[in-house]
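Student: I am new to this structure and would like a close look at a single part of it. Could you take me through that part slowly?

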Amino acid sequence: FFRNTKNITLQTGDVVVVDASPGHDVGVISITGELARIQVNKKAPNTKPFELKGIRRIADSTDIEKWIKGRSLEKEVMHKSRSIAIDLGLKMKISDIEYQADLKKATFYYTAEERIDFRSLIKKLADEFKIRIEMRQLGYRQEASRLGGIGSCGRELCCSTWLNDFRSVTTSAARYQQLSLNPQKLAGQCGKLKCCLNYELDFYQNALKGFPKSNTKILTEKGIAYCQKIDIFKGLLWFVYKNDSVDWFELNVEKVKEIIKINAA
């Protein structure tokens, strides 16, 4: 978010020069006016207006040419920087690079499982590329959000299109939905549990309130039967006997509750 302190007439799609630290950068206007104010309140409610950097002017052809040049350098610089990090024996992955439009600074985004001392890396990168270097660590979810991609559903990743609230996802979300706890199927592109496991979780939790617990045991004339599976949508439960795991017996929710009451009497 940037402030239009100079009251420049702007509209969506305009290419503008904005303040950076240090120097300046170039960006494209996506929203203005009241819509921008709503988004600030939603995404950064604690932001103070004076903390926001300002818009300098509409970008001219020279600004845009430099901006395009910086973008064209990013891929080559990323590959070279990865080689330098490997040569230094650093256990990190440089996943993305963003050049500032004035070509004075580049931000290197990386992921790492442990603390990295990258002072020697910054020195080598600065000597190699003759620019100011900023290192910024990302979480694995943030990395997937930044790089984008296609999920197993065939659609663009939620985190790189519309999702901005990265809530924690636990295996209990999968258990509530009777999903197989297979890491390969439950993990997203970031290697963490898929965010979409949370989308229908509230529905499943509410539906399960009317069901006996998944570890329910019922006593019959044949012996004790154990619950093996629940179908929330059909309102069915399947039970097996301890010494006969092949034969599954299907009962509806009301019948199971009736048997539990009889067992408790």
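Where in H2 is the kink centred, and what is its angle?

Tutor: This is a predicted model, in which local features need pLDDT of at least 70 and side-chain atom pairs count only at pLDDT 80 or more, while totals for chains, interfaces and linings use all residues. Residues are numbered from 1 along each chain as its sequence is written, and side-chain values use heavy atoms, with hydrogens and water left out.

The kink in H2 is centred on glutamate 74 and amounts to about 35°, the bend at a residue being the angle between axes fitted to the seven residues ending there and the seven starting there. Helices (H or I, at least four residues) and strands (E, at least two) are DSSP runs, numbered from the N terminus. H2 covers residues 61–87, which is 27 residues, and from its first C-alpha to its last it reaches 39 Å, close to the 39 Å expected at 1.5 Å a residue, where the expected span is 1.5 Å times one less than the number of residues.

Glu74 is also one of the buried residues of H2, among them Trp67, Gly70, Val77 and Met78; buried means under 20% relative accessible area, with a 1.4 Å probe and protein chains only. The buried residues of H2 pack against partners including strand E4 (93–99), strand E5 (105–111) and helix H3 (119–129), contact meaning heavy atoms within 4.5 Å. H2 lies across E4 and E5, running at about 150° to E4, with axes fitted to C-alpha atoms, for helices over the stretch in contact, and angles from 0 to 180 degrees between N-to-C directions. Just after H2, glycine 89 takes a positive phi of about 75°.

Conventions. Buried < 20%, exposed > 50% of the residue type's maximum accessible area, 1.4 Å probe, protein only.
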